[in-house]
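Open the model in your viewer and keep the selection panel at hand.

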Amino acid sequence: MDYWLSEEEQLVQSSFHDYLASECGPGRARTAYDTDLTFDRELWRGFAELGFTGACIPAQHGGSGLGMMEAALLAEELGRHTAPMFLEGHILAGLAISVGGPSAGQQRLLPKLASGELIGTLAIAADDPGASPPVEPSGAGRASLGMVPLADVADVVVVRCADSQLGVLESTHANVAARNANGIDQSRKVFQLSFDQAAVEPIPGLSADALCNGLFTLLSADAYGAADRLLELTVEYAKTREQFGQPIAQFQAVKHQLAEMALAVVTGRGLFWKAAREFDADCESSAKSASMAKAHITDQAMQMARAAVELHGGIGFTWESDVQLYFKRLMFDRNYLGTPEVHRERCAELSGWVQ
């Protein structure tokens, strides 16, 4: 296992960081909260022009040919800059079709997904209380699927079918409706997706559980990036906020809190790196590492976010403060597709500790 980044991986992350730093400040996320905007097309065009929409699509289909490790580094930057875009769903939809999809579907869909002409997303929640009975691959019928990001604009939806199979639904070939589920993070809205008279084409080469391992890894990376930036904001504030004639960063109790926050953040990086590298080696066998990363990073990040709010005092709760944007993002990453408790139980089962 290589525990450092290659030059190529560092270049991918730095180029994405530079783009988001110049084009995606917190104001962009606030627009998603203040308006009915559910999809930032200008930001999407920028991702497409830089080749990030084709991150995990092979070069022969017009993609960048990157792996899960690079995708995780992209997700880290999305979290760091509170980007109002669930790019992870699009990346994994392209990966699923390129790994397991039929050749005809690959030829037709992958070049357009890579270029950003088509938008992809995932509907793979295993335990969705709002869902209809499992979708049958190759079947034409109706279904309702919950917690689907980008559902109102997606052209291609990779769907969890019966028995952990995957299928691909093209929204232009079905009667599709998306209703805003009003989630906590309005910069990454999720929807209840309904469709009928839809043919779901099977993706035989990849299971839904394996694809979930990839999504758990990317959610962990997103949470890491958000927590790391929130720590920076809190340190900056502690250096400037004065109490009793001196910056609060001079107080020993505050120093201890900041040190604990830093420890909570830095220990998570290796977990999502390990999960990403294992996914690249064998996506089916990365389940334990992916759930471990999802459980630990999102749990620690949420605790750190609460401490950040406290150290910002009264303004930490206000709309004017950027802290609340990161807080809500971390709540989403923690709860989407399973809380830390759910993933710790999964780790225990995979370790043989639960009979």
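Select Asp333 to begin: this residue is buried, with a relative accessible area of 0% (buried means under 20% relative accessible area, exposed over 50%, partly exposed in between, with a 1.4 Å probe and protein chains only). The model is a predicted one, in which local features need pLDDT of at least 70 and side-chain atom pairs count only at pLDDT 80 or more, while totals for chains, interfaces and linings use all residues. Residues are numbered from 1 along each chain as its sequence is written, and side-chain values use heavy atoms, with hydrogens and water left out.

The side chains of Asp333 and Arg188 meet in a salt bridge at 3.1 Å, N to O (a side-chain nitrogen of Lys or Arg within 4 Å of a carboxyl oxygen of Asp or Glu). Asp333 lies in helix H11 (residues 323-335) and Arg188 in the loop between strand E5 (175-180) and strand E6 (190-199), so the pair ties together parts that are 145 residues apart in sequence. Helices (H or I, at least four residues) and strands (E, at least two) are DSSP runs, numbered from the N terminus. Arg188 also counts as buried, at 2% relative accessibility.

Next, select Asp222 and Arg329, whose side chains form a salt bridge at 2.9 Å, N to O. Asp222 sits in helix H7 and Arg329 in helix H11, so this pair ties together parts 107 residues apart in sequence. Both Asp222 and Arg329 are buried. For a network, select Glu76, Glu77, Arg80, Asp228 and Arg269, which are joined by salt bridges that share partners.

Return to Arg188 for the largest cavity. Its lining consists of Thr38, Phe39, Pro84, Met85, Phe86, Pro149, Leu150, Ser187, Arg188 and Lys189. On a 1 Å grid over the protein atoms alone, a cavity is a set of points where a 1.4 Å probe fits but cannot get out, and lining residues have an atom within 4 Å of a point. The space inside is about 60 Å³, a volume being the space filled by probe spheres set on the points, which are joined across faces, edges and corners.

Which residues line the second largest cavity? Select Ala223, Tyr224, Ala227, Ala264, Val265, Gly268, Ile297 and Ala301. This cavity holds about 40 Å³ of space. The largest share of its lining, three residues, comes from H7.

Definitions and conventions
1 Å grid on protein atoms, 1.4 Å probe; cavity = no way out; pocket = protein on both sides within 12 Å on 5 of 7 lines; lining within 4 Å.
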